[in-house]
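Biologist: Before we discuss any details, could you put the model on the screen?

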Amino acid sequence: MISWPSLVSQLFNGLALGALLALISSGLTIIYGTLGVLNLAHGAMFMIGGYAGFVAYQYTESFILAVIAGSLFVMLLGIVMERVIIRHFYHRPHEDQLLVTFGLGICFVEIVRLIFSSQSQLVPPPAMFQGITNLGFMFYPTYRLAVVGIIAVALGALFIILYRTWLGMIVRAGIEDSVMVDSLGINVYRVFMVVFGIGAMAAGFAGIVNAPVVSLTPGIGDDILVQTFVVVVIGGVGSFPGAILGGLIAGEIISVTSMFNPGYAYVMLFAAMTLVLVVRPHGLLGVQGRE
Amino acid sequence: MLKQRPFLIETLTAIGLIVAPFVLPHLGFAPNTVNRILVWGLFGLGFDILFGFTGLLSFGQSAFYGTGGFVAAYLLTRTGFSNVLGALVIGMVAAAATGYLIGLIALRRTGIYFAMITVAIAEVFFFVEFNPLSDFTGGENGLPGVPTPSFNLGFTTIHFTNGWSLYQFIALCYFIGVIIALRIVRSPVGAILSAIRDNPLRATAVGHNIHGYKLTAFVIAAAYAGFAGGLLGVLQAFMPPDAFTFDTSGQLVMQTAIGGRGTLFGPLVGAAVWLFLQDFLQAALGLGAAWKLVLGVVFVLLVCFLRGGIIGGLVDLYRLVSGKRERRDAETEEPEVADAKATQQPTPAPMQAKEVEHPAYTGPILKATGLTKRYGGLVANSDIDFSVDQGELRGIIGPNGAGKSTFFKMLTCEIAPTSGQIVFEGRDITGLKVTEVCQLGLTKSYQVNQLFTGLTVQQNLTIAALAELRGKFRLDLFRKLSDVKDLTEQVEHTLALVNLTRRADTPVAELAYGEKRRLEIGLALATSPRLLLLDEPLAGMSPRERIETVKLLKSIARGRTMIIIDHDMDSLFELVQRVTVLQEGKVLLDGTPEEIRTNAAVQEAYLGGVHGEIAA
C-alpha cells in the first residue's frame with residue numbers, strides 16, 4: 001500500500017513546503033513579536049512577491065533579477081504600509097489592527113486581480129535548476145531541491161540579521177519588552193518600519209521563489225496565510241526558532257497526509273495545532289505572557 | 001442607546017420590517033437582495049454579540065454558518081424530512097453544539113491567537129465539507145432542491161415561496177432574532193460580556209468565570225450562524241458549498257465593521273451597503289470585478305477614520321448636534337465643588353459584608369505561613385508568616401521593591417506562591433483561582449486602576465455587584481438586569497459610599513483621577529468582601545483627596561477586615577491598628593503604629609539610619 005519511494009518523495013515535498021512556511025512564518029512572527037501587530041495581509045505580501053517577480057521576469061528574462069525585484073518591491077510595499085497606515089494602529093486595540101490589515105490584504109488581492117486577471121500566470125524555473133535530479137534512490141524535480149537550499153540560505157540570512165546585528169538585538173529585546181526598549185532612547189518607530197519591511201520581504205521572497213513550483217493566482221496567499229497561522233500557533237508567537245520548527249512540522253503533516261487523502265491534510269494540521277494548544281498553550285517554543 | 005424606553009427598539013424594528021417591502025423597491029432593492037441582507041443581518045446578530053459586545057474577533061464563523069446550513073439542507077433534501085422550520089432549528093442546534101466544541105479549543109487563547117485559531121478551524125471545515133463529507137454535502141455541487149416553508153394551519157396552508165412572500169418568513173425570523181439578541185444584551189450576562197471586552201483581568205478579579213461567559217457568547221454566535229445558514233439554503237433553494245469559505249467569514253467581519261460593531265444592527269446595515277454597492281458598482285457603473293476593491297478601500301477607510309462604523313458615526317453625529325448643550329452644562333460644574341457639597345451630606349451607612357459561611361469560625365480571618373515567591377533567581381517574597389484577625393485593620397509598609405504588591409497578589413491568588421500556604425477563614429485557598437477567592441469574600445483594589453473604561457460608573461459597579469449576587473457563572477440570558485434582586489440597592493449604596501452618586505452615568509474615561517481611584521475601591525467594595533485588600537489606595541491623590549479617601553476607608557472598615565498598603569504613613573497610621581513592615585521580601589517587624597514609628601530598624605530601612613521620627 002505505502003510505497004517507500006513515494007513516501008520519501010512526499011517527505012521531500014514536506015521539507016520544501018515546510019521550509020517555505022518557515023520563512024513566511026518567520027516574517028509574520030518577527031513583525032508580531034516586535035510591533036505587536038498581526039499582519040493579516042501577510043498572505044497578500046507572499047502573493048505580490050510572486051507577481052512582482054513575474055513582471056520583472058517578463059522584462060528581464062532573468063530569474064535572479066526577478067527574485068531581487070520581487071523581494072525589494074514587497075519590502076518597499078511593507079515600509080510604505082507601515083508608514084502610512086499601520087503606524088496609526090499601534091495604540092489601537094488588536095481587533096482594529098486585525099481589521100485594517102485584513103482589509104488591506106483584500107485590497108492588494110483585488111488590485112492584482114484587476115491588473116493580471118484571475119487567470120494563472122507561469123514563471124519558469126531558472127535554466128540551471130530545470131529538469132529532474134537522480135538522487136540515487138529516486139528522481140526528484142531539481143528546482144524543488146533548489147528551493148529547499150535557497151530558503152535555507154534566506155533563513156540563515158534572517159538568523160544573522162536577528163542574532164548577529166545591532167538591529168536584531170533591538171528586535172529581540174523588543175520582543176521581550178518593547179516598553180523598555182522604547183525608554184532606552186532607541187527610535188523604535190524607525191526600527192518598527194525596518195522590521196515590517198524585512199518581515200514583508202520574507203513573505204515576498206518566498207512568493208517569488210515558490211512561483212515556479214505552482215502557478216500564480218491572486219488568491220494564492222490565502223491558503224498560505226492560514227497555514228502560516230497554524231505554524232505560528234504550533235511554534236509559538238514571536239519565536240523565530242518556533243516558526244522554523246512549526247513550519248517543518250506543518251509542511252510534513254500536509255505532505256504526508258496528502259499522500260493518503262488530501263482532504264484530510266487540514267484536519268491533521270488542525271489536530272496537531274489542537275494538541276499543541278492543549279499540551280503547551282504558548283506553542284512549542286513560545287514564551288508565556290505574549291498575547 | 002440600548003436602554004431607552006422599553007420596547008422602543010423592538011417597535012422600530014417591527015415597523016421597519018413591515019415598511020421595507022413598500023419602500024425598498026423604489027430604492028432599487030430587489031426582494032431577493034433584501035432577503036439576503038436579512039440573512040446576513042441575522043448571521044451578524046450573533047456575531048456582533050461575540051465581536052462587538054464581548055470583543056472576540058472570530059474569522060471562522062463560516063464554519064457554523066455552513067454547518068447549520070448543510071444540516072438543515074441535508075434533512076430537507078435527502079431524508080424526506082419536510083418540516084422546514086424544524087430543519088432550521090435542528091441545523092441551529094447542530095451549529096451551536098459544534099460551536100461549543102470548537103469554543104473549548106479556540107477560547108484557550110485570546111486576542112490574535114483566538115483570531116488565528118478560528119481562521120484555521122474554518123478552513124478545516126471547508127476541506128471536510130468538500131472531501132470526506134462530500135457524500136452528504138454534495139461536495140462542490142452543494143445540495144440543490146431545498147424547499148421553502150409552508151405552515152398548515154388546519155383551515156388553510158400558508159406557503160412562503162419566493163420574493164416578498166419569502167420575505168415575510170425571513171423578516172419574522174430576523175425580528176425574533178433581534179428580540180432574543182436584545183434580551184441577551186440587556187441581561188446580566190450581556191453586562192458581563194461588555195465587561196470582558198473592556199477589562200478581562202478585572203472581570204475575573206471581581207469574581208466572574210469569564211471563560212464560561214466567553215464560551216456562552218461563542219455558542220450564541222454559532223447558533224445564530226447556524227440558523228442563518230439554513231435560511232440561506234431556503235432562500236436560494238440550494239445550499240451552496242461556498243457558505244463554508246473563508247470569504248464568508250471575512251465578508252461578515254467586514255459588514256459588521258462597516259455597519260458598526262456593538263450595535264446589533266451594524267451587520268444588517270453593513271450587508272445592505274455591501275450588497276447595494278455590489279449591485280450598483282457592477283451593474284450601474286460597469287466596474288465588473290473591481291467592485292470588491294472599492295468595498296475593500298471603503299472598509300479600510302472606515303476602520304481608520306470611523307471606528308464605530310456607519311451606525312457609530314450617525315450616533316456621534318446625533319450626539320454632536322443634540323448633546324452639545326448638555327455637555328456644556330456638565331462641564332461648568334467643577335468636581336471639587338461637587339465633592340464639597342457631598343461632604344456635607346450625612347455619611348451613608350456602612351455596607352454589609354457578605355454573610356460568613358461558617359459563623360462559628362472565630363480564628364484569624366487570614367493566615368499565611370511560609371509564603372515564598374521566586375521569579376527565577378529573584379526572591380520577591382521569602383518565608384512570610386502573616387496573620388490577621390477578624391475585624392482588624394492592618395497596614396503594610398515597606399520601601400519600594402519590598403515585595404508588598406507581590407504579597408498581595410499571592411493572597412488574592414492572582415499569582416501562585418512558590419511555596420507556603422494561605423488560609424482564609426479556616427479554609428486553605430492556596431492554588432485556588434482569583435475568581436473563586438473573590439467569591440469566598442476576599443478581594444483587592446489595584447495599585448494601578450483596573451476599571452472597565454468603556455462603561456459608566458454605574459455599569460462598573462453593576463459588574464462587580466453581579467458577581468456577588470449571581471455567583472461566578474449563571475446563564476440568566478433572558479433576565480432583565482433590573483430584575484436581579486438587591487442589585488440596584490447595592491450599586492446605589494456603593495455609589496454613595498465612594499461618593500460618586502452624581503457621576504453615576506459618566507463614562508469612566510471622563511472621570512478625574514481621584515474619582516477613578518474611588519471607583520477602583522468601589523469595584524472591590526461592590527463584591528461585598530469580608531476581607532478587603534487595598535494596594536496603595538492613596539497613591540497619586542491630592543492632600544484634599546487623601547482626607548476624603550481616609551474618611552471613606554474608615555467608613556467601609558466597619559464590619560469588615562482590611563489590609564492596606566500605602567506609603568502615606570501619617571494617613572495609614574491614623575487608620576490602622578497594627579502595621580507589618582516588609583523589607584526585601586521578608587517581614588521586618590510587626591507592631592502598633594506607635595511601636596513602628598519609633599523603631600530604629602524601620603527608620604534604618606526607610607531613611608538609611610538617619611535618626612529621628614519618620615516624617616511622611
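Biologist: How many residues of chain B are in contact with chain A, and how many of chain A with chain B?

Modeller: This is a predicted model, in which local features need pLDDT of at least 70 and side-chain atom pairs count only at pLDDT 80 or more, while totals for chains, interfaces and linings use all residues. Residues are numbered from 1 along each chain as its sequence is written, with chains lettered from A and ligands numbered from 1 in the order in which they are written. Taking two residues as in contact if their C-beta atoms, placed from the backbone, lie within 7 Å, the interface involves 37 residues of chain B and 35 residues of chain A.

Biologist: Which helix supplies the largest share of the side of chain B that touches chain A?

Modeller: Helices (H or I, at least four residues) and strands (E, at least two) are DSSP runs, numbered from the N terminus. On this side of chain B, α5 (111-130), α11 (246-259) and α13 (291-305) each supply at least two residues. The largest share, 14 residues, comes from α5(B).

Biologist: How does the side of chain B that touches chain A divide by class?

Modeller: Here Ala, Val, Leu, Ile, Met, Phe, Trp, Tyr, Cys and Pro count as nonpolar, Asp, Glu, Lys and Arg as charged, and the others, Gly among them, as polar. On that basis, the side of chain B facing chain A has 26 nonpolar, six polar and five charged residues.

Biologist: What separates the centres of domain 1 and domain 2 of chain B?

Modeller: With bounds that come from an automatic or database domain assignment, chain B is divided into domain 1 (45-244) and domain 2 (379-607). Their contact takes 23 residues from domain 1 of chain B and 31 residues from domain 2 of chain B. Taken over C-alpha atoms, the centres of the two domains of chain B are separated by 42 Å.

Biologist: Which helix gives the largest share of the side of domain 1 of chain B that touches domain 2 of chain B?

Modeller: That side of domain 1 of chain B divides into 10 nonpolar, nine polar and four charged residues. At least two residues each are supplied by α7 (163-186), α8 (188-198), α9 (200-205) and α10 (210-236) of chain B. The largest share, seven residues, belongs to α8(B).

Biologist: What covers the buried residues of α12(B)?

Modeller: A residue is buried if 20 or more other C-beta atoms lie within 10 Å of its own, exposed if 12 or fewer, and partly exposed in between, with C-beta atoms placed from the backbone. The buried residues of α12(B) include B:Gly266, B:Leu268 and B:Trp274. Their cover includes α2 (31-53), α11, α13 and α14 (309-322) of chain B.

Biologist: Is B:Gly426 buried or partly exposed, and why?

Modeller: B:Gly426 is found in the loop between β8 (419-424) and β9 (427-428) of chain B. The C-alpha atoms of B:Gly426 and B:Gly363, which are 63 residues apart along the chain, are separated by 7.3 Å. Because B:Gly426 has 14 C-beta neighbours inside 10 Å, this residue counts as partly exposed.

Biologist: What percentage of the residues of chain B count as buried?

Modeller: The secondary structure of chain B comes to 25 helices and 14 strands, and its C-alpha atoms fill a box of roughly 90 × 55 × 50 Å, taken along the principal axes. Of the 616 residues of chain B, the share that counts as buried is 49%.
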